[in-house]
Amino acid sequence: MKKDIYWVGAVDWDRRLFDELIPLPDGTSYNAYLVKGDEKTVLIDTVDPTRESSLIDNLNSLDLKNLDYVVANHAEQDHSGTLPEILRAYPDARVVSTPKCKNLLMDLLMIPEERIQAVEDGEKLSLGDKTLRFIHAPWVHWPETMLTYLEEDNILFTCDLFGSHLATSDLYVTDEATVYEAAKRYYAEIMMPFRRIIQRNLEKIKNLKIDVIAPSHGPAYDDPQFIIKAYNEWVYDPPKNIVILPYVSMHGSTKKMVNHFVGALVERGIEVKQFDLARTDIGKLAIALVDAATIVIGSPTVIIGPHPQAVYAAYLANLLRPKAKFASVIGSYGWGGKMVEHIKDILSGLKVEFFDPVVVKGLPKEEDFEALEKLADEIAHKHEENKLAD
Ligand code: FEO
């Protein structure tokens, strides 16, 4: 990357699922970095245990005489999982982490306590001609996370913060549009629930001179303002004049309602993003949640409640804590049930105003389409009242 600073991580081109939950359409990488000072050498983060051999091979290729420290910015195993092997290979190396991370590394990986050195916020570590400064940055996205700043070279190693699940042979961002999409997906799925705490962490690094942001997933940023500006928008900007409409339809009744409702919203100048939950990439839905002002869930009634796919979408929206201000439910039933109540219960963590739902028996009829028009009017009115940007 620069003199005596090397990328030594692993690119995982073929991984398609993270945490057995998050789709990875473009694979991912586990970035680890080696910094050689004229007195001490440090490895910053390790890699997922499935890619242990890549890290070991990369370190061997550098002909290291010794490794003094391994910085663990984050205890999650995709960055810490190879620590046991590194500590075996380099018996003099000590792990450097926050006190909370130290406890987690002992619990998750059984790293011996005496091999971990806890550092306070702002503490520095001299490597001789290079200096690391540790910046505690909790909740991006676990409680123990920190950032590491290399003072002489103005490089900020951020682990998950500013990352993107993107396998690429580029060390730095070359295709901004592709990285923007991948970083927004990453933010939506991993960081969005901690939006307010991320605001504090952005404040903390605001006055740092940063030439390079080096995250532990996806390419590094040699134009750091590109990702800092994107995060500022995602974290601070009010929601936009957008309705997202995750829906599922078994026999076409809810689908007819969705079709009519989408047309009614578009006629009123509102952007709509609809997702057929039986087919959609759930990551696309997460990305849409970053900006939308209104969430409308469409579901038929299965036995007595919502379709399980609608339950999943509502649960996810509740978990990710987007900035949406309004919500509603549309859908259908055959003989009864509590579909709307269940969905509202699941969304109870969101601070949203609910519009009256539109729920029809069997196929939608003239008066049901009129009710959808009325719901579209109410949404348009509220978006207008809140002066939401397009
Ligand atoms: Fe990439 Fe939270 O680990």
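Reader: Which helix gives the most to the lining of the largest pocket?

Author: Keep in mind that we're looking at a predicted model. Here the top contributor to that lining is helix 6, with 4 residues. Helix 6 spans 195-205, and both it and helix 7 supply at least two lining residues each.

Reader: How much space lies in the largest pocket, and which residues are the closest to its centre?

Author: The space comes to about 410 Å³. There are 19 lining residues, and R195, R196, R321, P322 and K351 sit closest to the centre.

Reader: How do the residues of that lining divide into nonpolar, polar and charged?

Author: You get 10 nonpolar, 2 polar and 7 charged residues.

Reader: And what about the second largest pocket?

Author: That one holds about 320 Å³ of space. It is lined by 19 residues, and the closest to its centre are L21, I22, E189, L319 and L320. Helix 10 gives the most to this lining, with 5 residues. Strand 4 (22-23), helix 5, helix 9 (282-289) and helix 10 (308-320) each supply at least two.

Reader: OK, on to the rings. How is a pair of aromatic rings described?

Author: You use the distance of the centres and the angle of the planes. In this model the count comes to 9 aromatic pairs. Take F162 and Y231: their ring centres are 4.8 Å apart and the planes meet at 75°, which is over the 60 degree cut-off, so this pair is edge-to-face.

Reader: Where in the chain do F162 and Y231 lie?

Author: F162 is in the loop between strand 14 (155-159) and helix 5 (176-191), while Y231 is in helix 7 (residues 224-236). The pair links distant parts of the chain, 69 residues apart.

Reader: Are those two buried or exposed?

Author: Both F162 and Y231 are buried. Y231 has 0% relative accessibility, so it clearly falls under the 20% cut-off.

Reader: What are the distance and the angle for Y187 and Y231?

Author: The centres of those rings are 5.3 Å apart with the planes at 75°, so this pair is edge-to-face. Because Y187 lies in helix 5 and Y231 in helix 7, the pair ties together parts 44 residues apart in sequence. Y187 is at 0% relative accessibility, so it counts as buried.

Reader: Which residues form one aromatic cluster?

Author: The members are F162, Y180, Y187, Y231 and W234.

Reader: Which residue lies over the face of F354?

Author: That's K344, at 4.9 Å from the ring centre.

How values were computed: Residues are numbered from 1 along each chain as its sequence is written. This is a predicted model: local features need pLDDT of at least 70, side-chain atom pairs count only at pLDDT 80 or more; totals for chains, interfaces and linings use all residues. Side-chain values use heavy atoms; hydrogens and water are left out. Rings of Phe, Tyr and Trp (its six-membered ring) pair if their centres lie within 6.5 Å; planes under 30 degrees apart count as stacked, over 60 as edge-to-face and the rest as tilted. Buried means under 20% relative accessible area, exposed over 50%, partly exposed in between (1.4 Å probe, protein chains only). A charge sits over a ring if NZ of Lys or CZ of Arg is within 6 Å of the ring centre and within 35 degrees of the ring normal. On a 1 Å grid over the protein atoms alone, a cavity is a set of points where a 1.4 Å probe fits but cannot get out, and a pocket is an open set with protein on both sides within 12 Å along at least five of seven lines; lining residues have an atom within 4 Å of a point. Grid points are joined across faces, edges and corners, and a volume is the space filled by probe spheres set on the points. Ala, Val, Leu, Ile, Met, Phe, Trp, Tyr, Cys and Pro count as nonpolar, Asp, Glu, Lys and Arg as charged, and the others, Gly among them, as polar.
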